[in-house]
Amino acid sequence: NFLVLCIASLAFWAIGFAFGYGGGNSFVGNKYFFLINYEQSGLRTSTWLTTFVLAATTSTVAMGAMAERAKLFSYLVLSFFVSGFIHPVAAHWAWAPEGWLHQGVTVDNHTLHYDDSVGSGVVHVAGGTIAFIGAAVLGP
């Protein structure tokens with residue numbers, strides 16, 4: 001788990017935070033790669049740390065279903081991909097003002113949108129889906 005956390009932190013620092021929380025369009029963010037210009041944005045370090053922990057938690061949820069059935073290299077690659085792309089994109093959709101789930105859709109003057117106040121939906125749906133697929137591929 002410690003190695004997974006290290007790889008997740010590098011992925012989230014390099015690209016994940018930018019994809020999830022860096023403005024952009026309805027699909028993905030496009031600012032703050034490698035946290036460049038992050039200090040000038042007015043965001044606090046606690047914001048980065050909190051969002052990183054959610055991305056790392058998504059990775060550990062997924063890894064738990066595949067414990068002791070996959071090689072270490074596979075864990076590390078999956079952790080990088082989950083923390084650097086899968087979780088940030090899902091988080092952008094749900095939590096960023098530009099995200100398509102957050103904006104919702106208007107039908108008959110009623111706007112339907114996704115509301116995930118503390119992050120458990122994004123973290124556990126993404127992690128659980130990855131865990132299910134991984135367990136299905138690896139088998140018992």
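**Exercise 1. Determine whether the radius of gyration of this predicted model agrees with that of a compact globule.**

Solution. The protein has 140 residues, and for that number a compact globule would have a radius of gyration near 14 Å. The radius of gyration of the protein is 16 Å, which agrees. As a next step, consider the extent of the C-alpha trace: along the principal axes it spans about 50 × 40 × 20 Å.

**Exercise 2. Describe the secondary structure and its order along the sequence.**

Solution. Begin with the count: the protein has five helices and two strands. Next, read the elements along the sequence, which gives the pattern α-α-α-α-β-β-α.

**Exercise 3. Identify the residues that touch the most other members of the largest nonpolar core, and the elements that contribute to this core.**

Solution. The core holds 15 residues, and those touching the most other members are Phe-12, Phe-17, Tyr-38, Trp-48 and Phe-52. Two or more residues of this core come from each of H1, H2 and H3. Now take Trp-48 separately. With residues up to four places away in sequence not counted, Trp-48 touches Ser-9, Phe-12, Trp-13, Phe-17, Leu-35 and Tyr-38.

**Exercise 4. Classify His-87 as buried or exposed, and list its contacts.**

Solution. First, locate the residue: His-87 lies in helix H3, residues 72-95. Second, apply the cut-off: a residue is buried under 20% relative accessible area. His-87 has 0% relative accessibility and therefore counts as buried. Third, leave aside neighbours within four places in sequence; His-87 is then in contact with Tyr-21, Thr-51, Leu-54, Ala-55, Thr-58, Val-82, Trp-95, Val-122 and Val-123.

**Exercise 5. Characterise the surface and the charges of the protein.**

Solution. The accessible surface comes to about 8000 Å², and carbon and sulfur atoms account for 68% of it. The protein carries 4 positive and 6 negative charges, whose mean positions are 14 Å apart.

Notes. Residues are numbered from 1 along each chain as its sequence is written. This is a predicted model: local features need pLDDT of at least 70, side-chain atom pairs count only at pLDDT 80 or more; totals for chains, interfaces and linings use all residues. Side-chain values use heavy atoms; hydrogens and water are left out. Helices (H or I, at least four residues) and strands (E, at least two) are DSSP runs, numbered from the N terminus. Buried means under 20% relative accessible area, exposed over 50%, partly exposed in between (1.4 Å probe, protein chains only). Contact means heavy atoms within 4.5 Å. A nonpolar core is a set of buried Ala, Val, Leu, Ile, Met, Phe, Trp, Tyr and Cys residues joined through side-chain atoms within 4.5 Å. The radius of gyration is taken over C-alpha atoms; the globule rule is 2.2 Å times the number of residues to the power 0.38. Accessible areas come from the Shrake-Rupley method with a 1.4 Å probe; for residues, only the protein chains shown count as cover. Lys and Arg count as positive and Asp and Glu as negative; His and the chain ends are not counted. The place of a charge is taken as NZ of Lys, CZ of Arg, CG of Asp or CD of Glu.
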